[in-house]
Amino acid sequence: QVQLVESGGGLVQTGGSLRLSCAASGRIFSSYSVGWFRQAPGKEREFVAAISWSGGRTYYADSVKGRFTISRDNVKNAVYLQMNSLNPEDTAVYYCAAEYAYRDYVAGTREASFGSWGQGTQVTVSS
């Protein structure tokens with residue numbers, strides 16, 4: 001397992017941008033697929049985006065496609081989520097999650113697909 005720490009959350013106005021970071025330590029991070037999930041107040045945690053261990057494959061939820069970009073830097077053991085054109089519906093706690101991948105594929109879009117989780121970072125978008 002890897003240990004994950006998210007950062008970069010904060011308060012932003014509608015239409016603004018934020019870049020979240022997920023720093024990993026422990027195992028060989030370059031062998032892990034990583035995903036971002038979010039949980040808004042009173043709602044279940046939902047999938048946002050995921051990336052394969054090489055970064056060559058990505059997958060996005062329809063609600064963020066075209067606005068969010070997931071990327072990674074395996075030298076720095078980090079994964080990023082660039083969020084543009086934010087709106088109040090994006091307000092949530094954002095979590096990164098990782099799972100060892102035997103192949104260069106996205107681990108999945110379900111919570112159960114990922115075994116390691118960070119503590120989350122709050123993103124609030126004001127109208």
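Strands, like helices, are taken here as DSSP runs numbered from the N terminus, a strand being a run of E of at least two residues and a helix a run of H or I of at least four. The model is a predicted one, in which local features need pLDDT of at least 70 and side-chain atom pairs count only at pLDDT 80 or more, while totals for chains, interfaces and linings use all residues. Residues are numbered from 1 along each chain as its sequence is written, and side-chain values use heavy atoms, with hydrogens and water left out.

One part of the structure to trace is an open sheet of four strands, whose order is S1-S3-S8-S7 and whose pairing is antiparallel, where two strands pair if DSSP finds at least two bridges between them. Its edges are formed by strand S1 (3–7) and strand S7 (68–73), each of which pairs on one side only, and the twist from one strand to the next averages 15 degrees.

Another place to look is strand S11 (residues 121–126), which has Thr121, Val123 and Val125 on a covered face and Gln122, Thr124 and Ser126 on an uncovered one. Strand S2 (residues 10–13) pairs with S11 in the parallel sense over four bridges, and leucine 11 has threonine 124 of S11 as its bridge partner. Strand S9 (residues 92–100), by contrast, runs antiparallel to S11 and is joined to S11 by three bridges, with alanine 92 having valine 123 of S11 as its bridge partner.

Conventions:
Axes fitted to C-alpha atoms, helices over the stretch in contact; angles between N-to-C directions. Buried < 20%, exposed > 50% of the residue type's maximum accessible area, 1.4 Å probe, protein only.
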